[in-house]
Amino acid sequence: MVINAHSCVVVRLARQSLEIDDDLWQLFLKKLVDVYGSAYASKKKEAINEAIKMWLDIKEEQRRGASESEELRKLVEDREISPAVLKLLGKNETMIPVGLESKIVAEVLKARMC
Amino acid sequence: MHLYVDTDILVDVVLKRIDNKGTPLWVSSTLLLDEIYKGKHEGSASILSFYILSVLLNPKDSKSQDLVVREEIRGFTEFLKIADLTKDILEQSLNEKRLTFEDAVQFKTAKKTGAEALVTRNLHHLSRVKDEVEVLLPEEIVTLQSLKCMGPTERNVTAS
């Protein structure tokens, strides 16, 4: 599905064309009808602007987060950590949400019993 | 300061844990253990934590990995005091209504060791007993200006 959106930069009006996945577009149209009773053009524009703004915010937050994380990792390199502690440190980073350790242990123990 | 180190801090280190935003939680926990190793703080942990670590590090219960796990646990015992799990702690934990049993075991063990603070990422639950023992994040103990980005904000996020 190709749609048109307008972006206004100072006094210049530019027309942008972009392609959106059909499934996503159909889902969006259905939601518009559910919420507003019709797929109004003004609501489409509002939704696209909101989506782009959200995307920009998320990317900015990710960029900031990545930079802070790198700063933190560098701390360990910069400080002379005892070899006895360093040898305990895992080789690869693992994503484990805080508080999920017990659930993982429970799953492992269940699997061992099978 | 005498610190009781909860399981999740040890997990941060051995599994080099990052959270779902990509923040390397292992950094402050590693720095904390290093401070304990260097004698800046006294550190204790429960045998229960090492059992949990052994399951996480060796989920398939393989013999070869078991040797690695033993070596890892031995490494911790070089600088952490290991608190026994006693019948007394079990009884007290069973009667502790503010916490789940697992958290109660950690809390009662921390008290038994005489720790001044319990270092954990589980602030949400363990803060229920903060009137009896200080409950802190590792970031609150590791005194580095550069850690300021993981300071009070992180505490709020974790505790919510």
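Author: Helix 1 of chain B and helix 3 of chain B cross in the right-handed sense, where right-handed means that the near helix is turned clockwise from the far one by less than a right angle. The model is predicted, so local features need pLDDT of at least 70 and side-chain atom pairs count only at pLDDT 80 or more, while totals for chains, interfaces and linings use all residues. Residues are numbered from 1 along each chain as its sequence is written, and chains are lettered from A and ligands numbered from 1 in the order in which they are written.

Helices (H or I, at least four residues) and strands (E, at least two) are DSSP runs, numbered from the N terminus. Helix 1 covers residues 7–14 and helix 3 covers residues 47–57 of chain B, and the two pack at an angle of about 35 degrees with their axes 9 Å apart (axes are lines fitted to C-alpha atoms over the stretch in contact, and angles run from 0 to 180 degrees between N-to-C directions). From helix 1 of chain B the contact draws on B:T7, B:L10, B:V11 and B:V14, and from helix 3 of chain B on B:S49, B:I52, B:L53, B:L56 and B:L57, contact meaning C-beta atoms, placed from the backbone, within 7 Å. Seven of these residues are nonpolar, two are polar and none is charged (Ala, Val, Leu, Ile, Met, Phe, Trp, Tyr, Cys and Pro count as nonpolar, Asp, Glu, Lys and Arg as charged, and the others, Gly among them, as polar).

Chain B also holds an open sheet of five strands in the order 4-3-1-5-6, with parallel pairing; strands pair if DSSP finds at least two bridges between them. Strand 4 (81–83) and strand 6 (134–136) of chain B stand at the edges with a single partner strand each, so one side of each has no neighbour in the sheet. The twist from one strand to the next averages 30 degrees. Strand 5 (residues 117–119) of chain B joins strand 6 of chain B over three bridges, and B:V119 has B:L136 as its bridge partner.

Turning to the other chain, strand 3 of chain A pairs with strand 2 (residues 17–18) of chain B in the parallel sense over two bridges, and A:M95 stands opposite B:I18. The contact between the chains takes 33 residues from chain A and 40 residues from chain B.

Methods: Two residues are in contact if their C-beta atoms, placed from the backbone, lie within 7 Å.
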